[in-house]
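Please look over the sequence and the model shown here. A short report on the fold follows.

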Amino acid sequence: MKKVLLSLVVLMSTSFVYHSKAQTQKDDNLEFFDTVINNHNQLFQMSCIPSAVEMILKYYKVVDFDFYGLQKEWQNKADGSFRDFDNKELYGITFTQKFVLPRDSSFPVDSLFQTIENELKSGKKVIISLPADGGWHMFVICKQTPDGDFVSYSKLGSHTLILRNTKEIVKKSNGTEIMTYRTPPGM
């Protein structure tokens, strides 16, 4: 009887330990993206667009963590937009501006959300423009939550910003622009 009880305890313990490990395993790509974010800085007040692009380049390891060439060139350019990176290839990655539409009640929010979802499902990130302090700030959407919302990251200097209610913000703004990208095969 003691052997049966001991076997049962070992079997239950093994099952519990295995189940616990399965729940704590992390997605290596998301972990690496966190590393990219944590080691990145926005250098200038107005350099959030090139900062977001640099985060994508660092995520794909086509530039080093100490690369800030796009922000240094941009600095505090006040009239910049996604248009500056539209159809631009940088280190093999081609960026594309999407949803350049009036932000009003006719904005195709559902289509925007579906586009973002499709990009995330294909393993990519999406750069998005969101309202902040009377202007706009760029974020990188890195994942979708179980309830369907998007988690967006950005930098403000060395401070990391994380939004978990991206859809709500977009809806209140009556839409927004995004930037997607293409990578060469095998990247």
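## Basis of the report

The model is predicted: local features need pLDDT of at least 70, side-chain atom pairs count only at pLDDT 80 or more, and totals for chains, interfaces and linings use all residues. Residues are numbered from 1 along each chain as its sequence is written, and side-chain values use heavy atoms, with hydrogens and water left out.

## Overall make-up

The protein has 6 helices and 7 strands. Helices (H or I, at least four residues) and strands (E, at least two) are DSSP runs, numbered from the N terminus. Read from the N terminus, the order of elements is α-α-α-α-β-β-α-β-β-β-β-α-β.

Of the 187 residues, 41% count as buried; buried means under 20% relative accessible area, exposed over 50%, and partly exposed in between (1.4 Å probe, protein chains only). The protein exposes about 10,900 Å², and carbon and sulfur atoms supply 53% of that area. Accessible areas come from the Shrake-Rupley method with a 1.4 Å probe; for residues, only the protein chains shown count as cover. Among contacts (heavy atoms within 4.5 Å) between residues at least 6 apart in sequence, 61% join residues at least 24 apart.

## The sheet

An open sheet is formed by 7 strands in the order S1-S2-S7-S3-S4-S5-S6, with antiparallel pairing. Two strands pair if DSSP finds at least two bridges between them. Strand S1 (88–90) and strand S6 (159–163) are the edge strands, each pairing on one side only. From one strand to the next the twist averages 30°; axes are lines fitted to C-alpha atoms, for helices over the stretch in contact, and angles run from 0 to 180 degrees between N-to-C directions.

S1 is joined to strand S2 (residues 93–98) by 3 bridges, and glutamate 89 has threonine 94 in S2 as its bridge partner. S2 in turn pairs with S7 over 5 bridges, where threonine 94 is partnered by arginine 182. On S3, 2 antiparallel bridges connect to S7, and isoleucine 128 stands opposite isoleucine 178. Because 4 of the 5 residues of S7 are buried, this strand is largely enclosed by the rest of the structure.

## Helices on the sheet

Helix H3 (residues 48–59) lies across S1, S2, S3, S4, S5 and S7, and runs at about 20° to S4. Helix H5 (residues 109–121) also packs on the sheet, where H5 touches S3, S4, S5 and S7 and makes about 50° with the direction of S4.

## Cysteines

How many disulfides does a search of the whole structure find? The search finds 0 disulfides, a disulfide being a pair of cysteine sulfur atoms within 2.5 Å. Cysteine 48 is buried at 9% relative accessibility, and cysteine 142 is buried at 6%.

## Aromatic rings

The structure holds 11 aromatic pairs. Rings of Phe, Tyr and Trp (its six-membered ring) pair if their centres lie within 6.5 Å; planes under 30 degrees apart count as stacked, over 60 as edge-to-face and the rest as tilted. Phenylalanine 32 and tyrosine 59 form a tilted pair, because their centres are 6.3 Å apart and their planes stand at 35°. Phenylalanine 32 lies in helix H2 (residues 28–38) and tyrosine 59 in helix H3, so the pair ties together parts 27 residues apart in sequence. Phenylalanine 32 is partly exposed at 22%, whereas tyrosine 59 is buried at 10%.

Phenylalanine 32 also makes a stacked pair with phenylalanine 65, at 6.0 Å centre to centre and 25° between the planes. Phenylalanine 65 sits in the loop between H3 and helix H4 (69–74), 33 residues from phenylalanine 32, and is partly exposed at 31%. One aromatic cluster includes Phe32, Tyr59 and Phe65, with Phe95, Tyr153 and Tyr181 also among its members.
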